[in-house]
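Biologist: I'm new to this one. Can you take me through its charged contacts?
Modeller: Here is the structure to look at.

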Amino acid sequence: AQAVAASVTNKDAETQVLVVVEDGSRMEIALEPGATETICPAGCFVTMPNGDRIALGGGEEVEIKGGEALVK
């Protein structure tokens, strides 16, 4: 079966940096304005630019507006 990943789209006018922790590995992802990145095929925790931390299981669509996450 194919893994289902989450997608994150930056709706802000400035680059936003997300901190992703997946399977104990930490990485930073810089999202340019309007960019979409696919992350977390096996679930992860994401720290948003405003400091909020959310858990993603895969399959979610996340939009960043004002540094905050809107999960769909």
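Modeller: One term to begin with: a salt bridge is a side-chain nitrogen of Lys or Arg within 4 Å of a carboxyl oxygen of Asp or Glu. This is a predicted model, where local features need pLDDT of at least 70, side-chain atom pairs count only at pLDDT 80 or more, and totals for chains, interfaces and linings use all residues. Residues are numbered from 1 along each chain as its sequence is written, and side-chain values use heavy atoms, with hydrogens and water left out.

Biologist: How many salt bridges does a search of the whole structure find?
Modeller: Four. In one of them, the side chains of Lys65 and Glu63 meet at 3.6 Å, N to O.

Biologist: What else does Glu63 form a salt bridge with?
Modeller: Lys11, with 4.0 Å between the closest N and O atoms. That pair links distant parts of the chain, 52 residues apart: Glu63 is in strand β7 (residues 61-65), and Lys11 is in the loop between β1 (6-10) and β2 (16-22). Strands here are DSSP runs of E, at least two residues, numbered from the N terminus.

Biologist: Is Glu63 buried or exposed?
Modeller: Buried, because its relative accessibility is 13%; the cut-offs are under 20% for buried, over 50% for exposed, and partly exposed in between (1.4 Å probe, protein chains only). Lys65, at 42%, counts as partly exposed, and so does Lys11 at 47%.

Biologist: Changing topic, what does Glu28 form a salt bridge with?
Modeller: Arg26, the closest N and O atoms being 3.6 Å apart. Both Glu28 and Arg26 are exposed.

Terms used
Helices (H or I, at least four residues) and strands (E, at least two) are DSSP runs, numbered from the N terminus.
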